[in-house]
Amino acid sequence: MHLVLISGLSGSGKSIALNVLEDGGYYCVDNLPSGLLPQLIDCLAAQGYNKVGVAMDVRGGAGIRELPKLLAHLKEKVELRFLFLDTKDDTLLKRFSETRRRHPLANEGHTLVEAIREERELLEEIATLGHHIDTSDLKAASLREWVKQFIAVDPGHGLTLLFQSFGFKHGIPLDADLVFDVRCLPNPHYDPELRPLTGRDRPVIDYLEAQPEVGRMAADIFHFVSQWLPSYIRDSRSYLTVAVGCTGGQHRSVYLAEWLSRQFRDGEGESSDDGLRVLLRHRQLAEGGK
């Protein structure tokens, strides 16, 4: 059985992710208490279901804390992947305010801010169990695409190396494992002709490749990731997210994330092998629909 578990903070987009699974042919269950998961798996397996998606969070009670032990047991029975959706507090406050939904931990003695803080503490341990996606700046369409990428990855394929560009003025991504700051590089933003373009457009590419320090920065990041990648693979990681940030997340970081993904996708890394899968995401371009 292929089992995809989804968890995360309330308001982070779990319903969207579960809908993607359902559209992909998964039998989906929302808001399942963790203690019922083994029985559900046995029941669905007996009925012949081989693709199952389950969303579990604090709505199921304090038993969510037992999920790490439960997953260790389930891995012996099913092909398991875990997706955790995270979002910054200010974004969650805005989403709950706009939708006027009640937070599951909010009550007469808890403010919304306190409920979010308590939920984050309850989920702190399980947030590290699988692939982490920061949905703070994502539109629903971008989140759907990223979840599709996640379920398309063969869980037996080995480590997935994800390069993500972002803008520091929007905050560091919550899902980043390694963060590289490239704001010291020449900025195409100050050229009026280049300002509306992105790091994927040829004029911006030509501008950046003409700057010697850009080439040195790219080579240094490449060699660092390449050198340490075997250690992350030995650590039995499924995903490693390398975030590259400039000021706005439109030019320099986009160019470098594109360049780095090509180097590792083409097998030029010192540690590349058949078990390495490379993905590319642009957080601020996804936010703006570019």
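In which crossing, right-handed or left-handed, does H4 pass H5? In this predicted model, the crossing in which H4 passes H5 is right-handed.

## Packing of H4 and H5

Two packed helices are described by the angle between their axes and by the distance between those axes. Helix H4, spanning residues 89-99, packs against helix H5, spanning residues 112-122, at an angle of about 130°, and the two axes are 11 Å apart. H4 is therefore oblique to H5.

On the H4 side the contact is made by Asp 89, Leu 92, Leu 93 and Phe 96, which meet Leu 112, Val 113, Ile 116 and Arg 120 in H5. Sorted by class, the residues in this contact of H4 with H5 comprise six nonpolar and two charged ones, with no polar residue.

Asp 134 is found in strand E5, which covers residues 131-134. Its relative accessible area is 2%, so Asp 134 counts as buried, the cut-off for that class being under 20%. The side chain of Asp 134 makes a polar contact, at 2.6 Å, with the side chain of Ser 136.

When residues up to four places away in sequence are not counted, Asp 134 touches Asp 86, Thr 87 and Lys 88, together with Ile 172, Pro 173, Leu 174 and Asp 175, and also Arg 283.

## Ala 210 in a loop

Ala 210 lies in the loop between helix H7 (202-209) and helix H8 (212-234). Because its relative accessibility is 54%, Ala 210 counts as exposed, a class that begins over 50%. Ala 210 and Gln 164 are 46 residues apart along the chain, and their C-alpha atoms are separated by 23 Å.

Methods. Residues are numbered from 1 along each chain as its sequence is written. This is a predicted model: local features need pLDDT of at least 70, side-chain atom pairs count only at pLDDT 80 or more; totals for chains, interfaces and linings use all residues. Side-chain values use heavy atoms; hydrogens and water are left out. Helices (H or I, at least four residues) and strands (E, at least two) are DSSP runs, numbered from the N terminus. Buried means under 20% relative accessible area, exposed over 50%, partly exposed in between (1.4 Å probe, protein chains only). A polar contact is a pair of N or O atoms within 3.5 Å; within protein, one must be able to donate a hydrogen and the other to accept it, and residues adjacent in sequence count only if both atoms are side-chain atoms. Contact means heavy atoms within 4.5 Å. Axes are lines fitted to C-alpha atoms, for helices over the stretch in contact, and angles run from 0 to 180 degrees between N-to-C directions. Angles under 35 degrees count as roughly parallel, over 145 as roughly antiparallel, 65 to 115 as roughly perpendicular and the rest as oblique. A crossing is left-handed if the near helix is turned anticlockwise from the far one by less than a right angle, and right-handed if clockwise. Ala, Val, Leu, Ile, Met, Phe, Trp, Tyr, Cys and Pro count as nonpolar, Asp, Glu, Lys and Arg as charged, and the others, Gly among them, as polar.
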